[in-house]
Amino acid sequence: MGAAGVTAVILAGGQGTRLRPLTLSRPKPIVPLLNVPFLAYQLDLLRRHGVDDVVLSCSYMVDDVRGAMGDGRAWGVRLRYAVEDQPLGTAGGVRNAADLVSERVIVLNGDVLTDADLSAMQRFHAERGAAATIYLTRVPDPRAFGLVDLLPSGHVHRFLEKPGPDQITTDTINAGVYILDRTLLERIPPGRAMSIEREFFPGLLADGIRFYGWVGEHYWLDIGNAEKYRQGQLDLLSGRVRTGVQPDGWRDGIALGDGAVIEPGAQIQPPAVVGPTCRLAADSRVGPHVVLGAGCSVAARAVVEGSVLWDGVQVGEGAVLRDCIVASGASIAPRAQVRPGAVVAAGAVVAGAPVLS
């Protein structure tokens, strides 16, 4: 199997409030990207870098996550669950999984889509005899993130959360992937909420622990809000993310699921994913940059562009959807217009007269 003595812990204890209303009906670890649960992309990344022992630290709609992901076997890993009775924060979530981990832990934030070279990061950690290593990524505007300053030696110098314009000294931010020696978990009090960014990491610095930053030039995106969630889908469709996860039936930029019916005269413009049992009526147009979940129907003369539709969405005749997200079972009335940036909740009905903004 995979790397000996290495366990991954994925932090998914939150309720996905930034993704609401999408996460009212589905927990964040299994929101679909190209009709595949998001967690599958993280499991695939770990497996491709030799880590096949994974613990999901979670507390919200856990039965739904178990139902979708099972024991992880479908993605080539062993997946176990560390369930929090009450939210424990990012550090507390790792501590809650401590009994299930081995001598080294790779921690991933549960909302990060990345193709980081975890093998190179692990080598970096081992070669320096580090006790902790944090993955850093460069961003054009770091003001909305937590800056991480490094010394020339690669040691972490300081953390700065959401800096002002005059405080920006670097463009490297915390990318939400960490390697920790298991002994460090003893520094986290069990059963108490604690932040890994605001309490645990500053404690390592204060005590002179060998703590390094690894700067990776890889794809990285926090999919925690609706805009970034849709962007992640577009980036996957465009091939910007290296991943072993692909939708069923992918060929020449279009994926057609089993049982999809494309009536004569319907157009699909790549890239596009059309899920199983979807029906596209004559003279409808889907794409480019569209994902349709299972069982969607697009009526005649309807147009869907740049949008993500979850399963069972009904799009009425002549409706126009652009650059939006529509959750499961919603109904878009004939001639309705769903404007860019809109997020339609599961089961909602969008009338044909008003314009949704």
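This report walks through the cores, sheets, helices and a few single residues of the structure.

## Ground rules

This is a predicted model, so to speak: local features need pLDDT of at least 70, side-chain atom pairs count only at pLDDT 80 or more, and totals for chains, interfaces and linings use all residues. Residues are numbered from 1 along each chain as its sequence is written, and side-chain values use heavy atoms, with hydrogens and water left out.

Helices (H or I, at least four residues) and strands (E, at least two) are DSSP runs, numbered from the N terminus.

## The nonpolar cores

Let's start inside. A nonpolar core is a set of buried Ala, Val, Leu, Ile, Met, Phe, Trp, Tyr and Cys residues joined through side-chain atoms within 4.5 Å. Buried here means under 20% relative accessible area, exposed is over 50%, and partly exposed is in between (1.4 Å probe, protein chains only). The largest core has 66 residues, and L33, L46, L56, M69, I106, L113 and Y229 have the most contacts inside it. Helix α2 (residues 38-48) gives this core its largest share, seven residues.

Take Y229 as an example. Leaving aside neighbours within four places in sequence, Y229 is in contact (heavy atoms within 4.5 Å) with L19, L22, V31, P32, L33, I223, V308, W310 and I325.

## Helices

Helix α4 (residues 89-96) meets helix α6 (residues 196-206): their axes come within 7 Å and cross at roughly 70°. Axes are lines fitted to C-alpha atoms, for helices over the stretch in contact, and angles run from 0 to 180 degrees between N-to-C directions. That makes α4 roughly perpendicular to α6, a label for angles of 65 to 115 degrees; under 35 is roughly parallel, over 145 roughly antiparallel and the rest oblique. T90, A91 and V94 of α4 touch I196, E197 and F200 of α6.

Helix α5 (residues 118-127) has L118, A120, M121, Q122, F124 and H125 as its buried residues. Their cover includes β1 (6-12), α2, β6 (104-109), β8 (132-138), β11 (172-181) and β12 (211-215). Just after α5, G129 takes a positive phi of about 60°.

## Sheets and a hairpin

Two strands pair if DSSP finds at least two bridges between them.

Another open sheet has seven strands, ordered β14-β15-β18-β21-β24-β27-β30, and its pairing is mixed. Here the edges are β14 (250-251) and β30 (343-344). Strand β27 (residues 325-326) pairs with β30 in the parallel sense over two bridges, and V326 stands opposite V344 in β30.

Then there's a hairpin: β9 and β10 have five residues between them, and G154 in the turn has a positive phi of about 95°. Five bridges join the antiparallel β9 and β10 (residues 156-161), and G146 has E161 as its bridge partner in β10. Four of the five residues of β9 (residues 146-150) are buried, so β9 is largely enclosed by the rest of the structure.

## A closer look at V304

V304 lies in strand β23 (residues 303-305) and, at 0% relative accessibility, counts as buried. Not counting residues up to four places away in sequence, V304 touches R285, V286, G287, V290, V298, L309 and L321. V304 and G287 are 17 residues apart in sequence, and 6.1 Å apart in space, C-alpha to C-alpha.
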